[in-house]
Amino acid sequence: MAAVKWNQDINAGQNWMTDINLLNADGTGRDITGHTLASQVKRHYKSVSAKETITIQIMDASTGNVRLMLSPAQTSNLKFGKWLYDVELTNSTTGAVDRVIEGIFNVRPEVTIS
């Protein structure tokens, strides 16, 4: 299944958090029990290393509800401009990897740094 494209605007220096419901093709919640999730932020597709790792909290595995989070320190570390990210779901039994979300973070710079 093709990944959902979801672009986000982020303010540098602020917490960023979003809840996502992973769905099956028929619109029902996707059971992700026995799967792991990973997500990284990079400047370019060919970047060797990630600039930040998005924290993923599984809220309800049976319905595919997950939370993605970046701390204020992490968003401050992302310079003004566009950054790429994706979320990959790995089946712990088979090792099959499915990219479920991909997109662009448009980072707006902070003026006041406390």
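Buried means under 20% relative accessible area. The model discussed here is predicted.

Q: Is E102 buried or exposed?
A: E102 is found in strand β9. The cut-off for a buried residue is under 20% relative accessible area. E102 has a relative accessible area of 15%, so E102 is buried.

Q: Which residues does E102 touch, not counting residues up to four places away in sequence?
A: The side chain of E102 makes a polar contact of 2.5 Å with the side chain of K5. K5 is therefore one of the residues on the list, since contact means heavy atoms within 4.5 Å. With residues up to four places away in sequence left out, E102 touches A3, V4, K5, W6, Y85 and D86.

Q: How far apart in sequence are the parts that K5 and E102 tie together?
A: K5 forms a salt bridge with E102, with 2.5 Å between the closest N and O atoms. K5 lies in strand β1 (residues 4-5) and E102 in strand β9, so the separation in sequence of the parts they tie together is 97 residues.

Q: Is K5 buried or exposed?
A: A residue counts as exposed when its relative accessible area is over 50%. The relative accessibility of K5 is 64%, so K5 counts as exposed.

Q: Which residues are linked with K5 in a network of salt bridges?
A: A search of the whole structure finds six salt bridges. One of them joins K5 and E102, and another joins R99 and D86, whose closest N and O atoms are 3.7 Å apart. The residues linked with K5 in a network are D86, R99 and E102.

Q: In which strands do R99 and D86 lie?
A: R99 forms a salt bridge with D86. This pair links distant parts of the chain, 13 residues apart, with R99 in strand β9 and D86 in strand β8.

Q: What is the relative accessibility of D86?
A: Partly exposed residues fall between the buried limit of 20% and the exposed limit of 50%. R99 counts as partly exposed at 39%. D86 also counts as partly exposed, and its relative accessibility is 22%.

Q: How many residues apart are R67 and D19?
A: R67 forms a salt bridge with D19, the closest N and O atoms being 2.6 Å apart. The pair links distant parts of the chain, with R67 in strand β7 (residues 65-70) and D19 in strand β3 (residues 16-21), and their separation is 48 residues.

Q: What is the nearest side chain of opposite charge to E52?
A: E52 is in strand β5 (residues 52-53). E52 is buried and has no salt bridge. A salt bridge needs a nitrogen and an oxygen within 4 Å, whereas the nearest side chain of opposite charge is 6.5 Å away and belongs to K51.

Q: With which side chain does E52 make a polar contact of 2.6 Å?
A: Leaving aside neighbours within four places in sequence, E52 is in contact with Q40, V41, L70, Q74, N77 and L78. A polar contact of 3.2 Å joins the side chains of E52 and Q74. The polar contact of 2.6 Å joins E52 to the side chain of N77.

Q: Which strand gives the most to the lining of the largest pocket?
A: The largest pocket has a volume of about 250 Å³ and is lined by 14 residues, with Q40, K42, Y45, Y85 and D86 nearest its centre. At least two lining residues come from each of β4 (35-42), β8 (81-91) and β9 (97-108). With five residues, the strand that gives the most is β4.

How values were computed: Residues numbered from 1 in each chain as written. Predicted model: local features only at pLDDT ≥ 70, side-chain atom pairs only at ≥ 80, totals over all residues. Heavy atoms only, no water. Helix = DSSP H or I, 4+ residues; strand = E, 2+ residues; numbered from the N terminus. Buried < 20%, exposed > 50% of the residue type's maximum accessible area, 1.4 Å probe, protein only. Lys, Arg positive; Asp, Glu negative; His and termini not counted. Polar contact = N/O pair within 3.5 Å; in protein donor to acceptor, adjacent residues only side chain to side chain. 1 Å grid on protein atoms, 1.4 Å probe; cavity = no way out; pocket = protein on both sides within 12 Å on 5 of 7 lines; lining within 4 Å. Points joined across faces, edges and corners; volume = space filled by probe spheres on them.
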